Protein chains: 2
Amino acid sequence: MLIDGRKISSEIKVELKEEIEKLKNEKGRIPGLATIIIGKDKASQIYVGSKVKTCSEIGIQSFLYELAEDIEEKEVLKLIEELNIRSEVDAILVQLPLPKQISEKKIMNTIIPSKDVDCFSNENIGRMFLNPNTDIRPCTPAGILELLSRYSVKLEGKKVVILGRSNIVGKPIAIMLISSGATVTVCNSKTVDLEKIIKKADILISAIGKSKFIKKEMIKENAIIIDVGINRVDGKITGDVDFDDVIDKVSMITPVPGGVGPMTIAMLLKNTVNMYRRN
Amino acid sequence: MLIDGRKISSEIKVELKEEIEKLKNEKGRIPGLATIIIGKDKASQIYVGSKVKTCSEIGIQSFLYELAEDIEEKEVLKLIEELNIRSEVDAILVQLPLPKQISEKKIMNTIIPSKDVDCFSNENIGRMFLNPNTDIRPCTPAGILELLSRYSVKLEGKKVVILGRSNIVGKPIAIMLISSGATVTVCNSKTVDLEKIIKKADILISAIGKSKFIKKEMIKENAIIIDVGINRVDGKITGDVDFDDVIDKVSMITPVPGGVGPMTIAMLLKNTVNMYRRN
């Protein structure tokens, strides 16, 4: 069965739109998301453009700041500090990657935690770590949990294997799943007996960026596969999983594109609305 | 081979004492650790007494606050706020457990992160999550890593199995070991095939509080065993591991008592000195 990220993400957007409708009378305003984009990176611009469009569809006001590639760090920090106190702005997003002269860590920890929509700050990551039911969570991992939940996948007692250990996917999804009662194994490029470990997974989450790395013979019969990989090969987007090869052996799988990707934006919007509700 | 937590913890105390000696001229003062203990819990009082004694041995000044069992939460928060700004206090410790009327979460997030010596606040947990080399880390997990490092145990590529998923042991040690390049599996009471998983572990870390649960037949030949369990059975302290049963099969093991326990205090002192250095 296909885990349809586009469909679930559309459902979430409808729910958020209704929620904003209800809240806006009470609040006297709609939610606001400020986006800062630095430089002229094409992929980032397309991505930000799509976010702005989606915001407008569901009733979130966008504040877009397009800054020059060579802007000084202190100017960006100053802008963030202004946005931190501006009351119509509920959430602040700084599009990555950043130019070399700007410290990602400094940027992320200058955004006030209550507006840190990507959940990249120490405070928000720590809150998620200590309380898995918190309402602000990193977008891609939260999107994966949402998919599993909406497809009624029970996590307790399940063997989950995660490939990859980044700060934005592997590590946070590990913590969330550990908190959900799954038995979680996190692998990396140095893992010994990787194929044996993968073969035991009831749920396999791959976030390693190796096109079509996961083949039929590597996975367990009826495994659930969450493919976080986005690999550009010959102008085509592919996942970490060889979809056509594994499709007859899995019980559920996310396609790439159309699986986890749309969920990341949906959860970003959900974080924005949660921040608006808190505000 | 025995992993001797008492010996390593003594070595660390000597190192810290020397470090304080060097720093105190430059700083014009010695480090200060404030400890708040609420109520008359015997175990907590013994534990705090031992901390105060160790502090004085290595040159840390103790500020001890013994508060009544029925104190109001706001009084404790007020004291913490005073200690947050007091310059001779580098680190603040609130002894757990707390009486019912006092919210642990609120207490932990009122201590300013730069003085949160237990590393229980969102900010400090998040910092550790994002940067495993940070100098303030939760004491028991940091103590385990220190033991493994001082016994020259390489972590990269090793299969580590963690039993237990608490916020103060299981989850943070998982994140630290994932960051160190180990292949980490976190189990809980719902884990299926637990014995098979344990049997694969190059390094087994148990923090479940079940006296002598781990037997010889469950572990891998030459495994390294870290026993975090502290169980009181018939007036005796035992670990989660049946030490006498497994001793001939392991390559290294921490005894209980005398393994992980003394390291927790050593790392608390190390955090205190790191906070003093930063201050």
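What separates the centres of domain 1 of chain A and domain 2 of chain A, taken over C-alpha atoms? I read 30 Å. The assignment, automatic or from a database, puts domain 1 at 27–116 and domain 2 at 139–261 of chain A.

I note that this is a predicted model, where local features need pLDDT of at least 70, side-chain atom pairs count only at pLDDT 80 or more, and totals for chains, interfaces and linings use all residues. Residues are numbered from 1 along each chain as its sequence is written, while chains are lettered from A and ligands numbered from 1 in the order in which they are written.

I checked confidence next. Chain A averages a pLDDT (per-residue predictor confidence, from 0 to 100) of 97, and 100% of the residues score at least 70. For the complex the predictor gives an ipTM of 0.96 and a pTM of 0.96.

I then looked up a helix pair; helices are DSSP runs of H or I, at least four residues, numbered from the N terminus. H6(A) (139–150) and H10(A) (260–278) pack at about 105 degrees, axes 8 Å apart. The angle makes H6(A) roughly perpendicular to H10(A) (65 to 115 degrees, on a scale from 0 to 180 between N-to-C directions, with axes fitted to C-alpha atoms over the stretch in contact). Residues in contact (C-beta atoms, placed from the backbone, within 7 Å) include Ile144(A) and Leu147(A) of H6(A) and Met263(A) and Met267(A) of H10(A).

Last, I looked at Glu57(A), in helix H2 (42–58) of chain A. Glu57(A) lies 9.6 Å from Val14(A), C-alpha to C-alpha, at 43 residues apart in sequence.

Notes. Helices (H or I, at least four residues) and strands (E, at least two) are DSSP runs, numbered from the N terminus. Angles under 35 degrees count as roughly parallel, over 145 as roughly antiparallel, 65 to 115 as roughly perpendicular and the rest as oblique. Two residues are in contact if their C-beta atoms, placed from the backbone, lie within 7 Å.
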